[in-house]
Amino acid sequence: MKNQLLLLIAFVFVLKLSAQTTIIPSDDRRVITTGIPFVLIAPDARAASMGDMGVATSVDAFSQQWNPSKYAFSETKSGVAVSYTPYLSKLVNDIFLGNVTYFNRLDERSAFAASFKYFSLGDIEFVADEFSEALIQRPNELTFDASYALRLSDQFAMSVAMRYLLSDLRLPGVDGDTTPASTFGVDISGYYQSEEEAYADFNGRWRMGFALQNIGPKFKYDEGGEENFQPTNLRLGAGFDFIFDQYNKVAVTAEVTKLLVPTPPQLGDRYNFTDNNGNGTYEEDVDELGSLVEEDVIYKGKSQDVNFLSGMFQSFGDAPDGFSEELKEFTYSLGAEYVYQDSFAFRAGYFNEAEEKGARKFLALGAGFKANVVNIDLSYLFSASKVQSPLENTLRFSLTFNIGAGEYREY
């Protein structure tokens, strides 16, 4: 009996040596992707010229896109704003992002706003053969949202927004299922603006804001396809206004943003291998690699097959390389704005994203002009990355019509 037991132990040990498996990891670049990503493009020239920021900047007509809570601090009763952003302008002239926003401050404590955003991918021409008439398709994406802001104290307000998102990228006559993808999302935001305080050589005012955007269910582009996360994100920002006199003001702002979407795990292929040195791990120059057992298994990280709420919480701790990689998933912006007599503004900003997470890096410049009830804003982007930006060397325009300017006094 004793000899049989020894033989059994030896047999199991031999099996362990000859039937080990290992995972050969694939590339470790993990860019987080989502559905309907166009909602992350800055639609207005003012925000674009300061590095794609707006959660903690002073209120303007386009606050709906960044932090609707700011409308509760608007000195203008209401306003209508439109913007136009060419996209891939170096290659084509019919891809663009358009936006229309309306806001109304209801009283001293509350305001509401609505906006419509449209992203056109231009005309796509399909020709079956030289005898067939060309089929023109115009894929597009759009959002419609509405918000309500309530002032909870003299210095702090919060808001909630509802958003409908539609992505019509299917091509009738080419794809079998031509039903557009659609879903809904919710935004929750807050904004703090201090009273003006006197310092040694100037007066000053603090600003802070946060926004949780595009909180909503996953969606599919086609019936049999995989589910896509919305571009749920967290924005945090703070700024300070240097008020030198009644004519000159300089505002500086910093903002960080993180996608609240699970990080793709590092995948690999699982192989049988012969463990020649008996250490239990595969060593390329020592052990013998055998047959492929399984493809695309998780080597490091967590599965993305979770619902959107679980994905939001998971996104803070699922990066395969740990905390150091989590930090790389934050983008940051730095921006400054000089305003003269509330009629002219000059702006500059910088945006940074880690190389492994998309490598978006750019500088931006812009200007704003105010004539009676009309604001005109312009911005221009300079890429600072080896990866070319689709908005590089693009001039963006925004136009705002102020109704009831100066009806409310905040300062």
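Reader: Which residue of β19 stands opposite F362?

Author: S383 is the residue of β19 opposite F362. This is a predicted model, where local features need pLDDT of at least 70, side-chain atom pairs count only at pLDDT 80 or more, and totals for chains, interfaces and linings use all residues. Residues are numbered from 1 along each chain as its sequence is written, and side-chain values use heavy atoms, with hydrogens and water left out.

Reader: What are the helix and strand counts here?

Author: Start with the terms. Helices (H or I, at least four residues) and strands (E, at least two) are DSSP runs, numbered from the N terminus. In this protein there are 4 helices and 20 strands.

Reader: How do β18 and β19 run, and how many bridges join them?

Author: Strands pair when DSSP finds at least two bridges between them. β18 and β19 run antiparallel, joined by 10 bridges. The two strands make a hairpin, with 2 residues between them. In that turn, N372 has a positive phi of about 60 degrees.

Reader: In what sense do β19 and β20 pair?

Author: β19 and β20 are antiparallel, with 7 bridges. Look for L378, which stands opposite F397 in β20.

Reader: Where is N214, with its positive phi?

Author: N214 sits in strand β11, residues 203-215. Its phi is about 60 degrees, although N214 is not a glycine. D52 also has a positive phi, near 60 degrees, and is a residue other than glycine. D52 belongs to the loop between α2 (45-49) and β2 (78-86).

Reader: Is D52 buried or exposed?

Author: Buried means under 20% relative accessible area, exposed over 50%, and partly exposed in between (1.4 Å probe, protein chains only). D52 has 13%, so D52 is buried. N214 is buried too, at 4%. Across the protein, 44% of the 411 residues are buried.

Reader: What share of the contacts join residues at least 24 apart in sequence?

Author: A contact means heavy atoms within 4.5 Å. Take the contacts between residues at least 6 apart in sequence: 61% of them join residues at least 24 apart.

Reader: How many salt bridges does the structure hold?

Author: Side chains of opposite charge can pair when their charged atoms come close. A salt bridge is a side-chain nitrogen of Lys or Arg within 4 Å of a carboxyl oxygen of Asp or Glu. The structure holds 19 of these bridges.

Reader: Which residue forms a salt bridge with K328?

Author: E356 does, with the closest N and O atoms 3.2 Å apart. K328 is in helix α4 (residues 323-328) and E356 is in the loop between β17 and β18, so the pair ties together parts 28 residues apart in sequence. K328 is partly exposed at 35% relative accessibility. E356 is partly exposed at 30%.

Reader: What is the partner of R347 in its salt bridge, and how far apart are the closest N and O atoms?

Author: The partner is D377, at 2.9 Å. This pair links distant parts of the chain: R347 is in strand β17, D377 in strand β19, 30 residues apart. R347 is buried at 5% relative accessibility, and D377 is buried at 9%. Both belong to a network of salt bridges that links R46, D60, E337, R347 and D377.

Reader: What is the salt bridge partner of K218?

Author: K218 meets E227, at 3.8 Å from N to O. K218 is buried, with 15% relative accessible area. E227 is partly exposed at 43%.

Reader: What is the volume of the largest pocket?

Author: A pocket is found on a 1 Å grid over the protein atoms alone: an open set of points where a 1.4 Å probe fits, with protein on both sides within 12 Å along at least five of seven lines; lining residues have an atom within 4 Å of a point. Points are joined across faces, edges and corners, and the volume is the space filled by probe spheres set on them. The largest pocket holds about 1200 Å³. It has 41 lining residues, and V59, E75, K249, D342 and K370 are the closest to its centre.

Reader: How does that lining divide by residue class?

Author: Ala, Val, Leu, Ile, Met, Phe, Trp, Tyr, Cys and Pro count as nonpolar, Asp, Glu, Lys and Arg as charged, and the others, Gly among them, as polar. The lining of the largest pocket has 14 nonpolar, 13 polar and 14 charged residues.

Reader: Which strand gives the most to the lining of the second largest pocket?

Author: β13 does, with 3 residues. The second largest pocket has a volume of about 950 Å³. Its lining has 40 residues, and P37, L40, I41, E353 and R360 lie nearest its centre. By class, this lining has 19 nonpolar, 10 polar and 11 charged residues.
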